[in-house]
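Subject: Structure for your files

Hello,

Please find the structure below. My notes on what was found follow it.

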Amino acid sequence: MATAATQTHKREAFGSRNVFILSAIGSAVGLGNIWRFPYVAYEGGGGAFLIPYLCALLTAGIPLLFFDYAIGHRYRGSAPLAFRRMHRAAEPLGWWQVLICVVIAVYYAVIIAWAAMYTWFSAQLTWGAGNEDAFFAGDFLQSQDVAEVGVSTQFVPQVGIPLVVVWLIVIVIMALGVKRGIGRANMILMPLLTVMFAILVVQSLFLPGAMDGLDAFFAPNWEALADPGVWASAYGHIFFSLSVAFGIMVTYSSYLKRKTDLTGSGLVVAFANSGFEILAGIGVFAALGFMAQAQGTEVAGVATSGIGLAFVAFPTIVSQATGGSIIGVLFFGALVFAGVTSLISILEVIVAALQDKLGWARVRTTLTVAIPLAIVSMALFSTTTALSVLDTVDAFVNSFGIMAVALVAVIIVAWLLHKLPVLVEHLNRRSSFRVGTLWKVLVGVLAPVVLGYLFISELIAKTSGPYSGYPAWFLAIFGWGLVVALVVLALILSALPWSTRSHAKDDPEYDEFLSEEHYEPDAETSTFPAVDTTKGAGA
Amino acid sequence: MTPIAIVMMIIAMVTVWGGLIAGIVNLARHPEESETEPAPPVEL
């Protein structure tokens, strides 16, 4: 039935549901699980944090995950195409998500490059015991102050060279495609990551002082539950941790076969992600307990997160522990693997979007996307001011990119386009875990309220003074300018016409899917003239 | 570790890892339907 002339390429697909689940877990389990969750939980009441955390997971994380899956699977496209198929005017949402992924990919790669170098340094204890802090900022990054030197162009080879290698590896994975590249990479890296991390946790538990660390991590501080800030941080964390609302899960679920248990798969992904976080919390705090004992302080004095935890505290632990090198190699190796599986999912959002819009083949699109990104990544993050740029871009794109697009997307889809019933219907067609009114309330009411609260509190925090004390011109470019530019560019990209070879205009597979599922034919792609519409096909 | 910390640790493990196991069991009971999916169209 399909028109013969333009039947170019089939949409790629994951080999099986399990490959999809593993890839989605690979995307969700990233650096944040390892270096962010343990500290967020510790600060938010330790064991008591479990309550807001589980609430956030069940009432926001999982519902938003289903929301993304439903959009990607129902409209079978990359983020811009899926939103366009939902409603023409919703396309900018997809491009906004794509552009957020562009920004994240550019700096995410360099953290992987650092972790790769630290895997090597751990084996040699290159930093020299007692010198971990000075080594990271000084010897390794050769950090300079942006207020003094501006955005530096001074190349730092020990960062730049591994960064090139990281880009080459991910370009190869991306060029191989969804099944042979992304799927296979996750099938190899995720089991490896799990085993490595499990060994790391067991080894950490045998360090002296480990139990004090676990005590600090799990001892509940019930008063924390009365603090709205703790609840907000639980929702914020779950939201970032699950990689929802910036196109990844929409893109990945568009590669699922037509008849797939979406919600059943989503539950496994969500609980696997949280399961990994609990494991990371145990491993990290056992190690911090050892560090506190070795330095004769309390766990509170050494607990930290993010770059400080990974590149200062952990090297200190590696220096001091017996068998520290093994801990270091496992920890930084795990960061590399968790980072790579997340980076490829971020890049796939961009590659899939351009493939759909231009109708190009996989390799050509991958190279067109990844080479310019690699160059920008090198230009900004293999120089002496990388740390300041990374810190600023990350902070702004998280709050005013990811969080903002999620807020706008749920409001538009739920309240302007009224598409939640359509998504419920689609989820329930195949899924083992049925959703209904409660899901619609959680996505349409609770999610906008929570995201709105988080967004406004971020806005207040970032406007009350210069972020981290950086100069105004610097924040104007890499902070505010960047996040506004993403929205403007998204509108411009939506205005550009779709190629006649693109999937928006010609997608026999999608038409067949719609007809098989008894959905309305798509106005743009429809190749079923038999459907009696009142007016003839538009020009 | 204090008893309350141990209790919280066990609750955390049981809820999250238990949730994961329950999710996997649920999925295993609903195997993929790919075998029944019609082959992709090959007509030219």
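**Burial and overall form of chain A**

Of the 539 residues in chain A, 56% are buried (20 or more other C-beta atoms within 10 Å of the residue's own; exposed means 12 or fewer, partly exposed lies in between, and C-beta atoms are placed from the backbone). This is a predicted model, in which local features need pLDDT of at least 70 and side-chain atom pairs count only at pLDDT 80 or more, while totals for chains, interfaces and linings use all residues. Residues are numbered from 1 along each chain as its sequence is written, with chains lettered from A and ligands numbered from 1 in the order in which they are written.

The model has an ipTM of 0.90 and a pTM of 0.93. For chain B the average pLDDT (the predictor's confidence in each residue, from 0 to 100) is 85, and 73% of the residues score at least 70.

Chain A has 22 helices and 0 strands (DSSP runs numbered from the N terminus: H or I of at least four residues for helices, E of at least two for strands). Its radius of gyration (over C-alpha atoms) is 23 Å, close to the 24 Å from the globule rule (2.2 Å times the number of residues to the power 0.38), so chain A is as compact as a globular protein of 539 residues.

Leaving aside residues up to four places away in sequence, A:Ile100 touches A:Phe246, A:Val397, A:Gly401, A:Ile402, A:Val405 and A:Leu486 (contact means C-beta atoms, placed from the backbone, within 7 Å).

In helix α10 (residues 210-218) of chain A, 7 of the 9 residues are buried. Their cover includes α9 (157-205) of chain A and α1 (3-28) of chain B.

The contact between the chains takes 29 residues from chain A and 26 from chain B. On the chain B side, 16 are nonpolar, 7 polar and 3 charged (charged: Asp, Glu, Lys and Arg; nonpolar: Ala, Val, Leu, Ile, Met, Phe, Trp, Tyr, Cys and Pro; polar: the others, Gly among them).

**An exposed loop residue**

A:Leu496 sits in the loop between α21 (472-495) and α22 (508-516) of chain A. A:Leu496 is exposed because it has 9 other C-beta atoms within 10 Å.

Regards

Terms used
Contact = placed C-beta atoms within 7 Å.
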